[in-house]
Amino acid sequence: MKKRNALVLGLFLSLGMLASCRSKSNEAPTPPTSEYLQVKQETNFDETGTIPEKQAIYTYDASGKTIKEQFLTYNTGVQRFEHSSYLTHSYNGSGLVTETLSYVNASGGSPIPPVYRIDRKFKYTYTGEQLTKEERYNFDIQTNQLILQSEKIYTWENGKKKKSVEYVYENGRRREYANVIYRYENGFEIQDHHNGREDYPSFSHAYRYDANGRVVEERTKNFSPILDGNNQRTGLREVKNYVANKEYNSLGLVTFEKSIETQYNVSGQVESVTKQETTYIYSGHDNHGYPTKLEVKLKDGDNAAKTVSQSKFENTYARR
């Protein structure tokens, strides 16, 4: 439940989605007027719709791409939102993100205005429109500098990703940390994640997209080793999760998804099955057609649907 709620409160934006569908996932739908969406403020409430929890403010450029994401948390003691962190995004002429900077509140309290410092930098390199390198820099307080922490190298074949290898830097030395093998089967892009030199993937993601590049089905497998008393592996425990039938409205906002999680034991026998349906209900619209309220309802198995969170939007527009 908490995991699902966290995904909702993030409003479907994450660095992971930026990396996997970079030119499309970061775009806001274009209002059907001569104006464009400039700022969107989302306030998240509990299931009652009265107690605020988080707030996010998204700033867009005239082409609809997100250039800043501001995050605030609600302090119930003083009953106000307090600054937490923010992200900025830069793009190249092809509309592909080239750099993301992450800032955190370093004020040591809640002064207004807050004092921010850079925390991380993500840098993306392309050959044409193909992502070939992804670098992550962490801020080092002792040297007051951004230090290269890791890099991921991508190889492509026939216009599709084939493999990525992630390297980490420790004490000035570079070592291979993990790699991802990409496979394409039955309309899915499958990503097998291998940590170290294990002979089996630690987890696997599979995505199926629609014609607009939106994820309509996700499949995840997680593997954990079964160990004996001598810490020797005797088998694998497997968990499969399916998020299928993901649907979108005309604005590109998700409206429904169904998930099924199945856990297996080392013998391949089913231990448990959990089913869940999530419905995103957008109600109230401004004069540009954008929703002003969102209710998220869950249906677990045969239980009646229940609201788990609510969001309210305030949109600001500017002329093109």
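Start with Tyr74: is this residue buried, partly exposed or exposed, and what is its relative accessible area?

Author: Tyr74 is partly exposed, at 23% relative accessible area. (Buried is under 20%, exposed over 50%, partly exposed in between, with a 1.4 Å probe and protein chains only.) The model is predicted, so local features need pLDDT of at least 70 and side-chain atom pairs 80 or more, while totals for chains, interfaces and linings use all residues. Numbering starts from 1 along each chain as its sequence is written, and side-chain values use heavy atoms, without hydrogens or water.

Tyr74 has a ring partner. The whole structure holds 5 aromatic pairs. One of them joins Tyr74 to Phe81: the geometry is edge-to-face, 5.0 Å centre to centre, with 70 degrees between the planes. (Phe, Tyr or six-membered Trp rings pair with centres within 6.5 Å; planes under 30 degrees apart are stacked, over 60 edge-to-face, the rest tilted.) Phe81 is also partly exposed, and its relative accessibility is 23%.

Now set Tyr207 and Tyr209 beside that pair. Their ring centres lie 6.4 Å apart and their planes meet at 35 degrees, so this pair is tilted. Tyr207 is buried, with a relative accessible area of 16%. Tyr209 is partly exposed, at 27%. Three further tyrosines, Tyr86, Tyr103 and Tyr116, make up one aromatic cluster.

Lys121 places its charged end over the ring of Tyr137, 4.7 Å from the centre. Arg214 does this over the ring of Tyr248, with the charged end 4.6 Å from the ring centre.

Next, the nonpolar cores (buried Ala, Val, Leu, Ile, Met, Phe, Trp, Tyr and Cys joined through side-chain atoms within 4.5 Å). The largest has 17 residues; Leu37, Tyr60, Tyr280, Tyr282, Tyr290, Leu294 and Val296 touch the most other members. At least two residues of this core come from each of β2 (52-60), β16 (270-285), β17 (291-300) and β18 (306-319). Strands here are DSSP E runs of at least two residues, numbered from the N terminus. Another core lies apart from the largest one. This other core has 10 residues, including Leu96, Phe122, Leu131 and Tyr154.

Gln79 sits between β3 (66-75) and β4 (80-91). Most residues other than glycine have a negative phi. Gln79 has a positive one, about 55 degrees, although it is not a glycine. Gln79 is exposed, because its relative accessible area is 60%.

Asn144 lies between β7 (130-140) and β8 (145-157). Phi of Asn144 is positive, near 60 degrees, and Asn144 is not a glycine. Asn144 is exposed too, with a relative accessible area of 59%.

Notes
A charge sits over a ring if NZ of Lys or CZ of Arg is within 6 Å of the ring centre and within 35 degrees of the ring normal. Helices (H or I, at least four residues) and strands (E, at least two) are DSSP runs, numbered from the N terminus.
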